[in-house]
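User: I'd like to go over the ligand site in this one. Can you take me through it?

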Amino acid sequence: MIGAENRSPRRSKVANLSRSSHDAPSPLKAFRSGPLKGRARPPGDKSISHRAFIFGLLTVGATEISGLLEGDDVLRTGAACQALGGRLERLGEGRWRVNGLGVGAILSPEETLDFGNAGTGARLMMGVIGGHGIEARFDGDASLRKRPMRRILDPLTLMGAEILSEADGGRCPIVIRGTSEPAPIVYRTPVASAQIKSAVLLAGLNAPGETTVIESEASRDHTEKMLAHFGAEVQVAAEGENGRKITLKGRPELRPAPVIVPADPSSAAFPIVGALISPDSDIVVEGVMMNPLRTGLITTLLEMGGRIDALDRRIEGGEEVADLRVRASSLRGVDVPAGRAPSMIDEYPILAVAAAFAEGETRMRGLHELRVKESDRLAAVAAGLAAAGVSHAIEGDDLIVQGRGEAPGGGLVETHLDHRIAMSFLIMGLASRQPMAIDDSRMIATSFPSFRPIMESLGAQFG
Ligand code: S3P
């Protein structure tokens, strides 16, 4: 008790925001359910939610956020923002106010920044710390500790940050001492990654000059859009056939700007595929962000013959959104080009499920980045398909699924602390002949805490 009273306000607020995930695994089963019917709105976009907290921290004054994803990953980022001196208030469901300190004014955290399962939060915040004259220790759960951070540490080192300690070739726990004078650099990202791009741009916010990131394949553009929204000078130009060049003028005076978070297309993917593969389904998934750098799955499902209609296309919070009507469909196998991967990088596990219910072969090309997500998703998807009795193969970086219009099911899937593996195979169980079980459903709370009630409201049966 005495210890608790003596804690500084920054420290105790962190404890309040972060949730513990140390309880026991929570297995779950999905049963063949009737048709899915009704309307549902998935939670706010995870990428934008992380960034909303971070931009709030880096802006002097009050940033109001609505529609925020209140998942564990985002709350970890919120806790980190508080540890750096931001003040976060929850005003209501999904409604938050962040009182920030501004670029150049954030403080060294007193404790380790524990990002739990959140790779995006950790990597973006490494960029923030790297560009400030402060020091922080980054850590997370067993999944985060396996993820490669060298891709972030390398450009930050070029900008002048020091890596004081790291585990196992650039893995967490990592201690970074940032620099108050980050060098403005021109950086070409080695892989199409919005996280690398964003870390460099966030470090570049405090650089006395222009920071440029060049990507040979365009990745999600939420950071550049939000930089502009908060008043920074940022230019985006085409680079080569599919790439982009983003140039940011450092040391802007960011101005508070309201953030309205649209529904996450990566979470919408689960009810969408659930409805496509469950006979006689007819649902509407509301308010889904249709940013073209995020809609690769919709493009692919349409090519497969999915009956998906975008209704009431409109602009919300600077992003195009639509209500998606989805009806059960006879799907056919397709060839998914590698160039589409950045626009659907998180959606391959659920696409593999759709592919199992299609007729014919689906080949998904160029999936090397899947090996370094919350789990080795290529291996985890293959193991899940095997557990469900679905023929498949991995050839190099390609995943090939032999669709038979149905799946036997009846297996137990190891989720490896990966929320998208968990949700994908539960969705499979809604339409496979035998139920599908997963070893642990806890991680679903990182990105889609309302997954179970939302799916149940549409008719899904879990137990
Ligand atoms: C994200 C970028 C992607 C994605 C992740 C969220 C982001 O990662 O997989 O879930 O918000 O910037 P990469 O940048 O590593 O591809």
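User: What classes of residue make up the shell around the ligand?

Analyst: By class, two residues are nonpolar, four are polar and four are charged. Here Ala, Val, Leu, Ile, Met, Phe, Trp, Tyr, Cys and Pro count as nonpolar, Asp, Glu, Lys and Arg as charged, and the others, Gly among them, as polar. This is a predicted model, where local features need pLDDT of at least 70 and side-chain atom pairs count only at pLDDT 80 or more, while totals for chains, interfaces and linings use all residues. Residues are numbered from 1 along each chain as its sequence is written, and side-chain values use heavy atoms, with hydrogens and water left out.

User: Which residues surround the ligand?

Analyst: Ser47, Arg51, Thr120, Ser193, Ala194, Gln195, Arg220, Ile345, Asp346 and Lys373, each with a heavy atom within 4 Å of the ligand.

User: Which helices supply at least two of the shell residues each?

Analyst: Helix 3 (46–57) and helix 7 (194–204). Helices (H or I, at least four residues) and strands (E, at least two) are DSSP runs, numbered from the N terminus.

User: What lies 2.7 Å from an oxygen atom of the ligand?

Analyst: A polar side-chain atom of Ser47, and likewise one of Ser193 at 2.7 Å. A polar backbone atom of Gln195 is 2.9 Å from a ligand oxygen. The cut-off for a polar contact is a pair of N or O atoms within 3.5 Å.

User: New topic. Where is the cis peptide bond?

Analyst: Between Cys172 and Pro173, with omega about 0 degrees. Pro173 belongs to strand 9 (residues 171–177).

User: And which residue other than glycine has a positive phi near 45 degrees?

Analyst: Asp168, in the loop between strand 8 (162–167) and strand 9. Most residues other than glycine have a negative phi, and most peptide bonds are trans.

Note on methods: Polar contact = N/O pair within 3.5 Å; in protein donor to acceptor, adjacent residues only side chain to side chain.
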